[in-house]
Amino acid sequence: MSLARALSIASPTRDTPRAPVTDGRWAAIWRNGHAMIRLAPRATSQPLFDMTLCLEFTVPPPRRGTALRLWQGAADPDRAICLYAMPDGALRLVHGEIDISTEAGFARSGETVTLRYRSCARGRADIADFSNADRPLRRRLRAGLPHLARLDEALPRDPRFLSICHVAAIAEFGLLPTDLPALDGNAILQTTRGPVAARNLKPGMHLLTVTGQPMPLRWIEARPRLCLGRNAPVLMRAPYFGLTHDICVTPETRVLRSGPAVEYIFDHEMVLMAASDMTASPGAFRDRREPVRYFFHLMLDDHACVSVDRCGVETALLADVVAATDHGPRPNLSEADRTPCLPVLDRAGAQALISASAKGRRSLI
C-alpha cells in the first residue's frame, strides 16, 4: 500500500463532507472525583455533532447474576450513556439505540480498563474503544448509528460514579486516537537546518536519524491527549538517556538503548524500549501535572529513529498510524511498514535491562 493511500484511510477525502468546525473544548475532567476542568455554566442540552466520553476504572467485584452499572448520564434513561459490567466479565455500553458489548471475560475484577466512546451525528465516526491495561486486551466496536449527542447524556447522574471511574472526561469534539509514538512540542530535534522544536516541524523538512542520515518528514499531526491515569505521558529528564533537555513522550514511544548491558543480555548492539517500561529507571516518570496536552506524531518516508540531543526516538510506523485510526488495522501493508527498525524489548526484557543497569550503577544514559 502506498503512503498516500494509507494516510487517506485515516483522513477525510476532499469528497467527504466535513463536520462543523469545533473549538475543541473539554466540557469537564475529573480525577479521583475532583474536578480538574469544571463544566462552564452553559446549556447542556445543546446538540453536539461529535462528543467523546473517556473513562478509566478498576473493575469492581461482580454481582452474581446482576449487571453492575459503572456510569450513567444525567439525561433521561432512553438518552443517557450507560456502561455496565456484566456478570460474565463483558462490558456493555448503551446509548439510545446504540447497544454494544465486548466479549465475555474482557474485564475481570481488579483489572484497570479505559474507554474512549465517541458519538457522531452521521454515524460514520462513532467508536467504543475499550482497553484492558493489565493483560492487555483491546476492542474497538462500532454501531454505525447516527446520534446527535448532548452533554447531559454524558455528565454523571450521580457523583458516586466518579468514585468508580477514577478518571472521567467529556470532550465536545471527536477525540482521535493518541496511542502512537509522539513528542511534546518542546522536544528539540536535529534537522539539516539545525535544531528545531517539534511544534515547528513541517512536512518536507529533513530530520537527522541517529546514524546522521537526513530523512524527509512525510507526516506530522498534533493531537490532544488526556494525560491522566494510565494515559499519562512519560517525562524523560536530562541528563539521563543522552538528553540535554527534558522531553515528554507518549507511553507508546520507543526509545533507542545501547551499551554493554544491551549487548550482554540481548546480543544486539541496539534495541528499542517502550517509554512506559522506563519509569522504573531514574530520570523517567509519569507526568500527570496537566490534564490535557498536545503531542506531535511524526512519520518519515522510511522508518527510523530520529535524534533528540544524543537520544534516539523512534518515529511512527505506517502500520502504527493506520492501526491507530478508528478504522482498525489494515492487512495489506508491506512487512517493512509493519516492522520496527530495531528489536523491541517486551516488558520483561525492559525490566531486566533496568535491573542490570542499576546493579552496574549505570542509569539508562
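Student: How many of the residues in strand 19 (residues 254-258) are buried?

Tutor: Strand 19 has 4 buried residues out of 5, which leaves it mostly covered. Buried means under 20% relative accessible area, exposed over 50%, and partly exposed in between, with a 1.4 Å probe and protein chains only. Strands (E, at least two residues) and helices (H or I, at least four) are DSSP runs numbered from the N terminus. Before we go on: this is a predicted model, where local features need pLDDT of at least 70, side-chain atom pairs count only at pLDDT 80 or more, and totals for chains, interfaces and linings use all residues. Residues are numbered from 1 along each chain as its sequence is written, and side-chain values use heavy atoms, with hydrogens and water left out.

Student: Which strand is joined to strand 19 by 5 bridges?

Tutor: The general idea is that strands of a sheet pair through backbone hydrogen bonds, either parallel or antiparallel. Here, two strands pair if DSSP finds at least two bridges between them. Strand 19 and strand 20 (residues 270-274) run antiparallel and share 5 bridges.

Student: Let me zoom out. How many helices and strands does the protein have?

Tutor: There are 6 helices and 24 strands. The protein has 365 residues, and 50% of them count as buried. Contact means heavy atoms within 4.5 Å. Of the contacts between residues at least 6 apart in sequence, 64% join residues at least 24 apart.

Student: In what order do the strands of the 7-stranded open sheet lie?

Tutor: Read across the sheet, the order is 2-1-11-3-8-9-10, and the pairing is antiparallel. Strand 2 (34-37) and strand 10 (137-141) are the edges: each has a single partner strand, so one side of each has no neighbour in the sheet. For the pair formed by strand 3 (residues 50-58) and strand 11 (residues 165-171), you can count 6 bridges, again antiparallel. Within that pair, E56 stands opposite V167 of strand 11.

Student: Which residues touch the most other members of the largest nonpolar core?

Tutor: In soluble globular proteins, nonpolar side chains tend to be buried together. A nonpolar core here is a set of buried Ala, Val, Leu, Ile, Met, Phe, Trp, Tyr and Cys residues joined through side-chain atoms within 4.5 Å. The largest has 37 residues, and L183, L189, L201, L207, M236, I247 and L298 touch the most other members. Apart from it lies another core of 35 residues, including A85, L93, V113 and C165. As for L298, its contacts beyond neighbours within four places in sequence are L183, L189, L201, L207, L217, W219, I220, T315 and A316.

Student: Last, the backbone. Where is there a cis peptide bond?

Tutor: One joins R135 and P136, with omega about -15°; P136 lies in the loop between strand 9 (127-132) and strand 10. Another joins A238 and P239, with omega about 10°, and P239 has its place in the loop between strand 17 (234-236) and strand 18 (247-249).

Student: What is the phi of F241?

Tutor: About 65°, a positive value although F241 is not a glycine. F241 also lies in the loop between strand 17 and strand 18, and counts as buried at 1% relative accessibility. N32, likewise not a glycine, has a positive phi of about 55°. N32 sits in the loop between strand 1 (26-31) and strand 2, and at 53% relative accessibility it counts as exposed.
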